Amino acid sequence: QAPWTQYGSNGYSNPPYGPFVQRMLEKAQREAALGFTSKLLLPLRVTKAFKRYAWVGASDLILPDRRLTFFENGVPRCSFDKKGKIRADPALFDSIIVGYGPDAPSSPRLSIWKVPPHVTADDLARAEERLRRAA
């Protein structure tokens, strides 16, 4: 495992979900002790690993105020509503951003992130074109 500090002093990741998340939490906590600041976008699931590495070792827990829409191959995940209009599909689960840093307090700072609009009309048009071609 390469030390993250060889690539700078801070970073961001949306790691693959599943068992890999625990390894990322452990790595982020170790790297914070070496001076690296990181933010990880994760599903909001209160598991044993989350309690052990986020509640205990994180510097920040940031809760988005709404569900995110994820993009695949440059377009948002979308579907057609009952009237045939394209709409962006938000994630099926809530997310959390977990931060680690060398300045971690004894318990993480908790904050809310007001998610900005992140799906534009152009994004929807590209998604609609792709969905119609695939049909």
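A pocket is an open set of points on a 1 Å grid over the protein atoms alone, where a 1.4 Å probe fits, with protein on both sides within 12 Å along at least five of seven lines; lining residues have an atom within 4 Å of a point. This model is predicted: local features need pLDDT of at least 70, side-chain atom pairs count only at pLDDT 80 or more, and totals for chains, interfaces and linings use all residues. Residues are numbered from 1 along each chain as its sequence is written, and side-chain values use heavy atoms, leaving out hydrogens and water.

**Largest pocket**
- The largest pocket holds about 160 Å³ of space.
- G18, V21, Q22, L25, L42, P43, R45, T47, A49 and F50 line the largest pocket.
- At least two lining residues come from each of α1 (20-33), β2 (37-43) and α2 (48-55).
- α1 supplies the largest share of this lining, three residues.
- By type, the lining has six nonpolar residues, three polar and one charged.

**Nonpolar cores**
- A nonpolar core joins buried (under 20% relative accessible area, 1.4 Å probe, protein chains only) Ala, Val, Leu, Ile, Met, Phe, Trp, Tyr and Cys residues through side-chain atoms within 4.5 Å.
- The largest nonpolar core has 18 residues, and L25, L40, L42, L61, V98 and Y100 have the most contacts inside it.
- α1, β2, α2 and β8 (95-100) each supply at least two residues of this core.
- α1 gives the most to this core, five residues.
- Another core lies apart from it, with seven residues, including L41, L68, A91 and V115.

**Confidence**
- pLDDT is the predictor's confidence in each residue, from 0 to 100.
- The protein's mean pLDDT is 90, and 100% of its residues reach 70 or more.
- Mean confidence is lowest in α2, at 79, and highest in strand β3 (residues 60-64), at 96.

How values were computed:
Points joined across faces, edges and corners; volume = space filled by probe spheres on them. Helix = DSSP H or I, 4+ residues; strand = E, 2+ residues; numbered from the N terminus. Nonpolar A, V, L, I, M, F, W, Y, C, P; charged D, E, K, R; others polar. Buried < 20%, exposed > 50% of the residue type's maximum accessible area, 1.4 Å probe, protein only.
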